[in-house]
Amino acid sequence: MTLIIVETDRPDPITPEVLADEGNRVFPCLAARNATWRYSLLSGDRHRMICSFEAPDAEAVRMSYRTAYVPFEKMWVDHLREPEGIPPVWNESALVVVEIAYPGGLSEPEQQAQWQVITQRLLPCYAEQGVEWVRSHVSPAQTLILSELNAPDPALIEAAHRQVGLPLSRLWSATLLKP
């Protein structure tokens with residue numbers, strides 16, 4: 001099975017009623033295509049949502065969304081990165097999503113260099129601030145990295161990124177939605 005990320009940005013807030021309606025439409029379509037919803041992260045302002053699925057391929061999820069008339073902005077195969085040997089644990093009261101965009105994408109050497117900066121400089125800086133890395137999702141063209149963090153204060157994440165000189169495109173508090 002392949003991990004798939006679906007990004008949604010909406011002009012109107014994603015309410016519980018919208019979630020229920022869209023879920024009732026898309027879940028049967030996903031099941032028919034052997035795809036499974038893993039979890040979603042909903043922004044504090046309820047305009048942005050990241051959903052994670054397991055599926056035979058991205059087309060199974062794409063066709064499920066289209067058949068159910070559920071809008072989305074982007075859908076991509078997830079290159080998941082997690083701390084070794086540590087299962088992900090979300091602190092739901094302190095969950096934050098960090099987005100780092102690379103509009104031109106990263107070449108393989110650039111990607112490796114960025115991960116070195118993250119693992120050798122940023123993660124220790126996070127740890128000093130009480131920020132815990134849960135996992136990261138990397139788009140196939142290396143144009144976007146979405147990281148899930150447990151942070152007592154999102155400002156600590158911004159300060160850590162400034163300290164190590166790593167870009168930060170978007171930062172938002174998240175609510176974890178699970179089956």
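**Strand pairing, helix packing and cores in a predicted model**

Strand β5 (residues 79–81) and β7 run antiparallel and are joined by three bridges; two strands count as paired if DSSP finds at least two bridges between them. This is a predicted model, in which local features need pLDDT of at least 70 and side-chain atom pairs count only at pLDDT 80 or more, while totals for chains, interfaces and linings use all residues. Residues are numbered from 1 along each chain as its sequence is written, and side-chain values use heavy atoms, with hydrogens and water left out. Helices (H or I, at least four residues) and strands (E, at least two) are DSSP runs, numbered from the N terminus.

**Strand β7 and its partners**

- Six of the seven residues of β7 (residues 132–138) are buried, where buried means under 20% relative accessible area, exposed over 50% and partly exposed in between (1.4 Å probe, protein chains only).
- V138 in β7 is the bridge partner of H79, and V138 also stands opposite I145 in β8.
- Strand β8 (residues 144–150) pairs with β7 in the antiparallel sense over six bridges.
- The hairpin of β7 and β8 has five residues between the strands, and Q142 takes a positive phi near 55 degrees there.

**Packing of α3 and α4**

- The axes of α3 (residues 108–129) and α4 (residues 154–164) come within 9 Å and cross at roughly 140 degrees; axes are lines fitted to C-alpha atoms, for helices over the stretch in contact, with angles from 0 to 180 degrees between N-to-C directions.
- From α3, R121, L122, C125, Y126 and Q129 meet L156, I157, A160, H161, Q163 and V164 of α4, contact meaning heavy atoms within 4.5 Å.
- These contact residues divide into seven nonpolar, three polar and one charged.

**Nonpolar cores**

- The largest nonpolar core has 21 residues, of which L122, Y126, L149, I157 and L166 touch the most other members; such a core is a set of buried Ala, Val, Leu, Ile, Met, Phe, Trp, Tyr and Cys residues joined through side-chain atoms within 4.5 Å.
- At least two residues of this core come from each of β6 (95–101), α3, β7, β8 and α4, and α3 gives the most, with six.
- Beyond its neighbours within four places in sequence, Y126 contacts V98, V131, L149, I157, A160 and H161.
- Another core, of 20 residues, lies apart from it and includes C51, A60, V61 and V70.

**P179**

- P179 lies in the segment after β9 (170–177) and counts as exposed because its relative accessibility is 72%.
- Not counting residues up to four places away in sequence, P179 touches W37 and R38.

Terms used
Ala, Val, Leu, Ile, Met, Phe, Trp, Tyr, Cys and Pro count as nonpolar, Asp, Glu, Lys and Arg as charged, and the others, Gly among them, as polar.
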